[in-house]
Amino acid sequence: MRIPIIAGNWKMHKTVAEAVAFVNQVKDQLPPADQLQTALAAPTLSLVPMVQAAAGSPLKVMAENCYYQDEGAYTGETSPYALYQAGIHHVILGHSERRNYFHEDDELINKKVKAALRNGLCPIVCCDDTMARRIAADDKIHWAVNRILADLKGLNEADICNVTVAYEPSWAIGSGQSADSDQAEEGCYLIRQTINDMYGEDVANNVRILYGGSVTPANARAMMAKSDIDGVLVGTDSLDPRTFLEIVNH
Ligand code: PEP
């Protein structure tokens with residue numbers, strides 16, 4: 001059984017004090033993790049204080065990125081090993097903002113996915129498509145599926161079971177223009193079929209696939225009702241504790 005996930009992605013928002021206050025506000029209002037998992041990705045500076053604030057609650061704290069080496073002379077990077085040791089066991093990789101603003105390509109993301117798994121971190125691997133591809137309608141999902149093939153290249157079956165994939169059309173991220181639930185389901189379904197082709201049916205049935213892109217309290221329920229959508233990755237509407245909790249309680 002795939003336990004659904006509601007995951008927030010704060011991007012470069014909130015001070016440490018604001019992040020801790022948010023955790024303290026929501027942590028006692030979350031469902032048990034065996035019914036619905038809840039997670040928040042936050043800037044690196046806030047992660048350890050958030051883990052401390054969330055202790056004993058179902059809330060998981062996630063990094064928004066990490067490097068592909070465990071340690072070394074890589075100024076400014078975040079070690080996946082150090083994250084794990086600090087109690088951060090989840091990381092978002094391949095977000096479209098990392099790809100677009102920081103020029104991360106599939107080869108680099110594939111290395112980061114392997115480094116995360118090697119250190120015990122469970123990655124949420126994001127896979128987007130572009131407005132140009134959306135206009136060339138028939139091509140758009142194929143492009144996203146190719147991306148997933150590249151990002152997950154070389155992983156074995158045990159690895160892939162610790163990976164969550166997020167289908168995030170880039171035109172829907174932060175635009176207020178969500179995919180409708182049928183489009184979102186189509187993307188998630190095709191990604192699952194791709195994983196099926198790569199690893200077989202058992203693995204494909206166990207891997208969780210999320211939709212992300214302008215999810216709000218108003219559309220979360222329709223997304224979560226789809227059979228191939230195992231949860232949502234939420235940017236803007238995860239920043240306010242009320243909207244985050246409304247999405248959790250969809
Ligand atoms: C995101 O950043 O992953 C995201 C989905 O953002 P938003 O919900 O604001 O579209």
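This is a predicted model: local features need pLDDT of at least 70, side-chain atom pairs count only at pLDDT 80 or more; totals for chains, interfaces and linings use all residues.

Residues are numbered from 1 along each chain as its sequence is written.

**Stop one: the ligand.** Select the ligand and show what surrounds it: Asn9, Glu168, Ile173, Gly174, Gly212, Gly213, Ser214, Val215, Leu233, Val234, Gly235 and Thr236. A residue makes this list if its C-beta atom, placed from the backbone, lies within 6 Å of the molecule. Colour the shell by type and you get 4 nonpolar, 7 polar and 1 charged. In this scheme Ala, Val, Leu, Ile, Met, Phe, Trp, Tyr, Cys and Pro are nonpolar, Asp, Glu, Lys and Arg are charged, and the others, Gly among them, are polar.

**Stop two: the annotated sites.** Pick His95 and Glu168, which an unreviewed UniProt entry lists under "active site". The two are spread over 74 residues of sequence, yet they cluster in space, with a largest C-alpha distance of 8.3 Å. His95 sits in the loop between strand S4 (90–93) and helix H4 (96–101). Helices (H or I, at least four residues) and strands (E, at least two) are DSSP runs, numbered from the N terminus.

Follow Asn9 and you land in strand S1 (residues 5–9).

**Stop three: H1 against H2.** Select H1 and helix H2 (residues 44–54): they pack at about 25°, with axes 9 Å apart. Axes are lines fitted to C-alpha atoms, for helices over the stretch in contact, and angles run from 0 to 180 degrees between N-to-C directions. That makes H1 roughly parallel to H2, a term for angles under 35 degrees. The residues of this contact divide into 9 nonpolar, 2 polar and no charged.

**Stop four: H1 against H12.** Zoom in on Phe22, Gln25 and Val26 of H1, which meet Pro241, Phe244 and Leu245 of H12. Residues count as in contact if their C-beta atoms, placed from the backbone, lie within 7 Å.

Terms used:
Two residues are in contact if their C-beta atoms, placed from the backbone, lie within 7 Å. UniProt positions are given in the numbering used here, feature names are shortened, and annotations may be inferred rather than shown by experiment. Angles under 35 degrees count as roughly parallel, over 145 as roughly antiparallel, 65 to 115 as roughly perpendicular and the rest as oblique.
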